[in-house]
Amino acid sequence: MEDVNESPFIKYLRKDRLPHIYCAGCGNGTVLNTFFKGMEMAEKDLNNINMISGIGCSSRIPGYVKCDSLHTTHGRPIAFALGLKIGNPDKDIVVFTGDGDAAAIGGNHLIHAARRNIDLTVICINNSIYGMTGGQISPTSPLGSFGSTAPYGALEKPFDLVDLVSAAGATYVARWTTIHPLQLSNAIKKALKNKGFSFIEAVSQCHTYYGRRNRMKSPLEMLRWMKENTINKTKADKMEPEEINGKLIVGEFVNKIQEEFSETLYNLIEEKSGNRKKAIKSAYQGE
Amino acid sequence: MIKLDPDLCKGCQICTEFCPNQVYEQSKTLDKKGVHIPIPKNEDECSKCNLCTLMCPDQAIKVIDDD
Ligand code: SF4
Ligand code: SF4
């Protein structure tokens, strides 16, 4: 039941576990709100949603939500999610992951799930750092940024997650930041509705480990940076490469319809055995 | 009317900074957790856009539409 005096998102949360563990001003809480907003916009029922996560700050999100969830091993949430989707094709499966979990340890799972176009919604909260373990450089830390493993600045070129999953075959891809909560909610709505592999990159602030070492000590400084340094894709497409250098391009990158993996698989089962239902041995049905 | 849950708020000041109508003001005093809880001082200016509710990382804000 919704208490008229509390945030409209509290009804979806395990209230006894609040306040959550995140630092004051961490973007994880904002991304969680945008998920609920997107879920309402997509008219999805939380009872039909299963949340899967790996390891990291953002991966603790499902534990706060009133739905069935799996908190899995580092980098593997997509592998678990894939199995769950194939066994329970009617469930809406949502993965909460971070840049380290999704792109480093679990990079292989990410590209192959995108390639298969299996119906999952992956929300990757990208804070450009390993926050939980003390600020090590991640695969999305910008070149030259400082971290506990890069006292002289990162030497490696980062991944562009949107380019990566788009090239791998995802059918819905968008990037927004925590300073764009409405656009982010809308993208999550579309991702939930897309029958296929959807990837949302939610660029977020970790002022504690990223900001502090990169001249942005507070969440407000990081959010101001995002506000000033993001360019909408439609605008960026018309600009010269040097004009968009160092900027963060936000918007919708892929939105297309293609054959979905679990559907294809069940069609094949039906064709070969004549019984679609028999193949589904759901944990929910008790057998 | 704006309700702010002092048990959930961690004083990040995101609402104070990003409310388009400058409704909130940072309190001068610290609460028992050592946090500056914002005060919705200019409630009359609130357009009920709910941006603060959506941005608040700690689900501490409720904007009641009492018109
Ligand atoms: S609802 Fe909008 S105008 Fe009202 S306090 Fe929140 S952000 Fe400001
Ligand atoms: S955004 Fe939320 S947690 Fe931050 S100061 Fe405002 S009410 Fe408190």
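The legends below describe close-up views of a predicted model, taking the two ligands in turn and then the interface between the chains.

**View 1. Ligand 1 and the residues of its shell.** In this predicted model, ligand 1 is surrounded by 14 residues, of which the closest are Cys19(B), Cys46(B), Cys49(B), Asn50(B) and Cys52(B). Sorted by class, this shell around ligand 1 consists of ten nonpolar residues, three polar residues and one charged residue.

**View 2. Ligand 2 and the residues of its shell.** Ligand 2 sits in the largest cavity, and the residues that surround this ligand include four cysteines of chain B, namely Cys9(B), Cys12(B), Cys15(B) and Cys56(B). Also among the surrounding residues are Leu4(B), Lys10(B), Gly11(B), Gln13(B) and Ile14(B), together with Pro38(B), Pro57(B) and Ile61(B). By class, the shell around ligand 2 divides into nine nonpolar, two polar and one charged residues.

**View 3. The interface between chain A and chain B.** Across this interface, 34 residues of chain A are in contact with 20 residues of chain B. The area buried between the two chains is about 2,100 Å², and carbon and sulfur atoms give 66% of that area.

**View 4. Polar contacts and the salt bridge between the chains.** Between chain A and chain B there are eleven residue pairs in polar contact, counted where both residues have pLDDT 80 or more. The count of salt bridges between these chains is one, and the side chains of Arg224(A) and Glu17(B) meet in a salt bridge with an N to O distance of 2.6 Å.

Technical notes
Residues numbered from 1 in each chain as written. Chains lettered and ligands numbered in written order. Predicted model: local features only at pLDDT ≥ 70, side-chain atom pairs only at ≥ 80, totals over all residues. Heavy atoms only, no water. Near = heavy atom within 4 Å. Nonpolar A, V, L, I, M, F, W, Y, C, P; charged D, E, K, R; others polar. 1 Å grid on protein atoms, 1.4 Å probe; cavity = no way out; pocket = protein on both sides within 12 Å on 5 of 7 lines; lining within 4 Å. Sits in = over half its atoms within 2 Å of the grid points. Contact = heavy atoms within 4.5 Å. Buried area = accessible area lost by both parts, 1.4 Å probe. Salt bridge = Lys/Arg side-chain N within 4 Å of Asp/Glu carboxyl O. Polar contact = N/O pair within 3.5 Å; in protein donor to acceptor, adjacent residues only side chain to side chain.
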